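Hello,

Here is the structure for you to look through. My notes on it follow below.

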Amino acid sequence: MSLLIGIHIQEVLTNAPEITAVVKERIYPLVIPAGVPQYPYILFINGGITDTGTKDGTAEDSVVVGVAVASKSYGEAVRTANRIRYLFVGKSAKYEDLEVRDCELLGSNEEYLLDIDVYTVTLQFNFKTLDY
């Protein structure tokens, strides 16, 4: 199962200068650590896995992942999300125990959170993966 997709997300985002120039090291899986939020930041969550099976076993997994950008500036949130989109869509990667074969954008959502005065842009990706 591709529970390992978070490794790929973290690897791609932390090694993209166009992303770290904006969010620094503030890229978090699942939850924002106590003491944060300092804006902007990125939060990603594995939304579920679908196993594509064959008679011989698992062929590959489809993994849906949400990646959210939170910023005090709408323009910064949208621009950062757009950069993230192109870091993942149509790209593949190989790691010691995981292969990312493809990625497609399923959709996006924008919100303004009035109570904390923050803009968020959330991207939903579908990754095709194979574990080793």
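Notes on the model

Threonine 120 sits in strand 6 (residues 118-131); strands (E, at least two residues) and helices (H or I, at least four) are DSSP runs, numbered from the N terminus. The model is predicted: local features need pLDDT of at least 70, side-chain atom pairs count only at pLDDT 80 or more, and totals for chains, interfaces and linings use all residues. Residues are numbered from 1 along each chain as its sequence is written, and side-chain values use heavy atoms, with hydrogens and water left out.

Threonine 120 has a relative accessible area of 11% and is therefore buried (under 20% is buried, over 50% exposed, and in between partly exposed, with a 1.4 Å probe and protein chains only). Apart from neighbours within four places in sequence, threonine 120 is in contact with Val69, Ala70, Asn109, Glu110, Glu111 and Leu113, where contact means heavy atoms within 4.5 Å.

Aspartate 117 belongs to the loop between strand 5 (98-113) and strand 6, and counts as partly exposed because its relative accessibility is 38%. Lysine 24 is in the loop between helix 2 (17-23) and strand 1; its relative accessibility is 43%, so lysine 24 is partly exposed.

There is also a cis peptide bond, between tyrosine 39 and proline 40, with omega about -10°. Proline 40 lies in the loop between strand 1 (27-29) and strand 2 (41-54).

Regards
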